[in-house]
Amino acid sequence: MEDAEALQRFLVARRARLVPEQVGLPTSARRRVSGLRREEVAHLAGISSTSYTRLERGLTSNVSRDVIVAVARALRLDEKDREALLTLAAPNTRRTRAIRPAPSVGWGTRAVLNAALVPATVHDGLCNVVAANSAGADLFRFVSTAPDTEPFNTARIQFLEPPASLLYLDLQSARRDSVATLRDSAEAMPDDDQLAVLLDELGTKSTVFRQMWAAPPSSRRGRSGLLRVHHPRLGDLAFERTAMAVKAGPTHAVALHTVVFYTPADPRTVDAVRLLGRDAHQPHNAASERCRTTKY
């Protein structure tokens, strides 16, 4: 309790001594606070307002060191204050990325994957691919450098991993789709800790994500529409994506998963789809509950 109160006093004092002009933010005569608002600090740090508010209240159990450093940078802290902030937040700060246990993929969803004649994947609300048929796994398997113990997350790949530019022929469009998906999830799950962790990670590590997240929401919805990719074995491919919301399992009352079907959009892709999954060195069984890959 004392640590939380000390952290709160520290952050309140440090943001109170900054004015918007010092950090390049607009100001107005109607401001009610002399220093920065909480949401302004969050914007400068590239994290959500909810995450910063939780941090200022001393709730640091799901906060990474990267987020603390980003807040220190936003508050223009010198080396002494930066170390003080890290010390105050240290007792409960998460040092490694937490991984959400994926809800099991229901038998109905597995049956749909097994029966699909086109590549198909199953996503959760955090852009994790939690299952795929063999063609769907082969379509994306080569692009991720994430270890086997972590889920294949399309948002992390698109914003944080250079190989994404080798897969997506229109990377900006793919990024907009992921941002739209994460916005929908943030509206549906405003208090979800793991979503906050993901948003904070993307915001602190990717300038492009910060800019797209801060921009006005677009009308497009994620995971639907045309997808153009380059496969290292089959060349340029074009797919029309169709998304279908499903229950995550028999014990869930709400739709937590989305099945995405990739229908060939041109004759060349029709021919290529027949070869997807045949040469995959570790094929994915649609009955598996997570989409795990050894090399992407």
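Biologist: What makes the crossing of H4 and H5 right-handed?

Modeller: In this predicted model, the crossing of H4 and H5 is right-handed, and a crossing gets that name if the near helix is turned clockwise from the far one by less than a right angle. The axes of H4 and H5, the latter spanning residues 79-89, come within 10 Å and cross at roughly 145°.

Biologist: Which residues make the contact of H4 with H5?

Modeller: H4 contributes Arg-65, Ile-68, Val-69, Val-71 and Ala-72. From H5 come Arg-82, Leu-85, Leu-86 and Ala-89. By class, the contact of H4 with H5 has seven nonpolar residues, no polar ones and two charged ones. Arg counts as charged, and Arg-65 and Arg-82 are in the contact.

Biologist: Why are H2 and H4 called roughly perpendicular?

Modeller: Helix H2 (residues 38-45) and helix H4 (residues 65-74) pack at an angle of about 110°, with their axes 8 Å apart. Angles of 65 to 115 degrees count as roughly perpendicular, and H2 and H4 are therefore given that description. H2 passes H4 in a right-handed crossing.

Biologist: Where is Cys-127, and what is its phi?

Modeller: Cys-127 sits in the loop between strand E1 (120-123) and strand E2 (128-132). Phi of Cys-127 is near 70°, again a positive value in a residue other than glycine.

Biologist: Why does Cys-127 count as buried?

Modeller: Cys-127 has 2% relative accessibility. Buried means under 20%, so Cys-127 counts as buried.

Biologist: How many residues does the protein chain have, and what percentage of them is buried?

Modeller: The protein chain has 296 residues, and buried residues make up 49% of them. The chain has 13 helices and six strands. Among contacts between residues at least 6 apart in sequence, 65% join residues at least 24 apart.

Technical notes:
Residues numbered from 1 in each chain as written. Predicted model: local features only at pLDDT ≥ 70, side-chain atom pairs only at ≥ 80, totals over all residues. Heavy atoms only, no water. Axes fitted to C-alpha atoms, helices over the stretch in contact; angles between N-to-C directions. Helix = DSSP H or I, 4+ residues; strand = E, 2+ residues; numbered from the N terminus. Parallel < 35°, antiparallel > 145°, perpendicular 65-115°, else oblique. Buried < 20%, exposed > 50% of the residue type's maximum accessible area, 1.4 Å probe, protein only. Contact = heavy atoms within 4.5 Å.
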